[in-house]
Amino acid sequence: MSANVETMFYVRKAPWHGLGVRVLSAPDSREALHLAGLDWKVIQEPIYTENDEEIAGYKANVRDKDRRVLGVVSDRYKIVQNEEAFAFTDALLGEGVRYETAGSLQGGKKVWMLAHLPHEYIISGERISPYLVFFNSHDGSGAIKAAITPIRVVCQNTLNLALSTARRSWSMIHTGDIQGKITEAKNSLLMAERYMDSFGQELEALRRKKMTDKQVLDYIEILLPVEEGSTDLQRKNMERLREDMKLRYFDAPDLQQVEKSAYRFINAVSDFATHSAPLRKTANYKENLFAKTVEGNPLIDKAYQMVLAS
């Protein structure tokens with residue numbers, strides 16, 4: 001497990017991001033909180049100078065179980081506890097929610113959960129499973145974020161397309177009326193069915209949009225450009241990535257029965273973005289990959305915009 005992952009579980013088989021400790025069955029929220037190592041609270045305490053003078057306007061976020069300081073925040077910062085995050089997801093998704101993975105990064109500074117929504121969809125003849133990912137930070141570095149992420153079941157590709165017709169994500173900062181914002185989030189994220197309906201319509205439109213082999217090769221060069229002034233090694237590395245993406249479009253077994261279309265191209269780019277090893281494996285590259293389930297993957301979005309414009 002990566003050094004940046006403090007605690008985590010996953011159900012039955014490793015998820016696409018490859019992180020975690022295996023459990024046999026999807027837990028409910030209370031058990032998931034424990035299995036993920038998230039059964040602790042954040043408390044706020046004053047901070048002082050070395051002369052014991054309290055620093056006005058700031059607090060330290062401290063983990064109660066081990067007194068670890070997670071971050072220094074303004075006194076306007078409102079804590080959203082881990083158990084509140086699970087309660088939010090329970091209330092949002094209702095009966096049938098299954099927590100597939102959850103955990104802690106960077107010593108508790110960042111936490112997340114991934115829940116399998118109760119319904120699956122058959123879109124363009126394929127099983128698509130929608131997930132809700134919830135991401136929170138306790139160090140003051142970022143907003144609370146939640147997003148719908150469809151996964152193509154046959155190969156575990158993330159297909160979190162940024163649609164113009166339906167929202168897939170929501171975020172809020174840790175200040176102001178937190179409970180009001182959470183209520184707003186519940187209303188916004190009840191959009192899951194609306195997003196999946198729009199998503200299905202978009203995939204059908206992509207399937208009808210035929211692409212020539214030359215278009216595919218041209219688009220791959222645009223997505224993976226060789227910058228002016230690149231060294232021979234950089235050119236060689238980029239060519240290797242291009243060949244990888246080409247193989248995923250032309251030779252992937254799961255796409256052999258799919259016509260050459262924008263749908264096939266988007267799936268190939270998604271497969272590349274989700275599973276391709278980077279040129280340099282940093283210590284936290286898998287966490288960065290997982291974070292894109294919330295933020296969206298810019299490579300997939302760029303490919304999607306390109307085929308829409310063609």
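**Hairpins, sheet, core and rings**

Tutor: In the hairpin of β4 and β5, with five residues between the strands, R67 takes a positive phi near 65°. Strands (E, at least two residues) and helices (H or I, at least four) are DSSP runs numbered from the N terminus, and two strands pair if DSSP finds at least two bridges between them. This is a predicted model: local features need pLDDT of at least 70 and side-chain atom pairs count only at pLDDT 80 or more, whereas totals for chains, interfaces and linings use all residues. Residues are numbered from 1 along each chain as its sequence is written, and side-chain values use heavy atoms, with hydrogens and water left out.

Student: Which residue takes a positive phi in the hairpin of β3 and β4?

Tutor: D52 does, near 65°, and that hairpin has five residues between the strands.

Student: How should I read the sheet, and in what order do the strands stand?

Tutor: In a regular strand the side chains alternate between the two faces of the sheet. Here three strands form an open, antiparallel sheet in the order β3-β4-β5. β3 (42–48) and β5 (69–74) are at the edges with a single partner strand each, so one side of each has no neighbour in the sheet. From one strand to the next, the twist averages 35°, taken between axes that are lines fitted to C-alpha atoms (for helices over the stretch in contact), with angles from 0 to 180 degrees between N-to-C directions.

Student: How many bridges join β3 and β4, and how many join β4 and β5?

Tutor: β3 and β4 pair over six bridges; V42 has R63 in β4 as its bridge partner. Strand β4 (residues 54–63) pairs with β5 over five bridges. V62 is opposite V69 in β5, and N61 is opposite G71 in β5.

Student: What should I look for in the core, and which residues have the most contacts inside the largest one?

Tutor: In soluble globular proteins, nonpolar side chains tend to be buried together. A nonpolar core is a set of buried Ala, Val, Leu, Ile, Met, Phe, Trp, Tyr and Cys residues joined through side-chain atoms within 4.5 Å; buried means under 20% relative accessible area, exposed over 50%, and partly exposed in between (1.4 Å probe, protein chains only). The largest core here has 64 residues, and L161, F199, L223 and F265 have the most contacts inside it. Helix α7 (residues 262–275) supplies the largest share, eight residues. Another core, of five residues, lies apart from it and includes L114, V133, A147 and I151.

Student: How are aromatic pairs described, and how many are there?

Tutor: A pair of aromatic rings is described by the distance of the centres and the angle of the planes. Rings of Phe, Tyr and Trp (its six-membered ring) pair if their centres lie within 6.5 Å; planes under 30 degrees apart are stacked, over 60 edge-to-face, and the rest tilted. The count comes to four aromatic pairs. Y195 and F199 are stacked, at 6.0 Å centre to centre and 25° between the planes. Both lie in helix α4 (residues 192–208), four residues apart, about one turn of the helix.

Student: Is F199 buried or exposed?

Tutor: F199 is buried, at 0% relative accessibility. Y249 and F265 form an edge-to-face pair, at 6.4 Å centre to centre and 65° between the planes. Y249 lies in helix α6 (residues 232–250) and F265 in helix α7, so this pair ties together parts 16 residues apart in sequence. Ring pairs also link Y219, Y249, F250 and F265 into a cluster.
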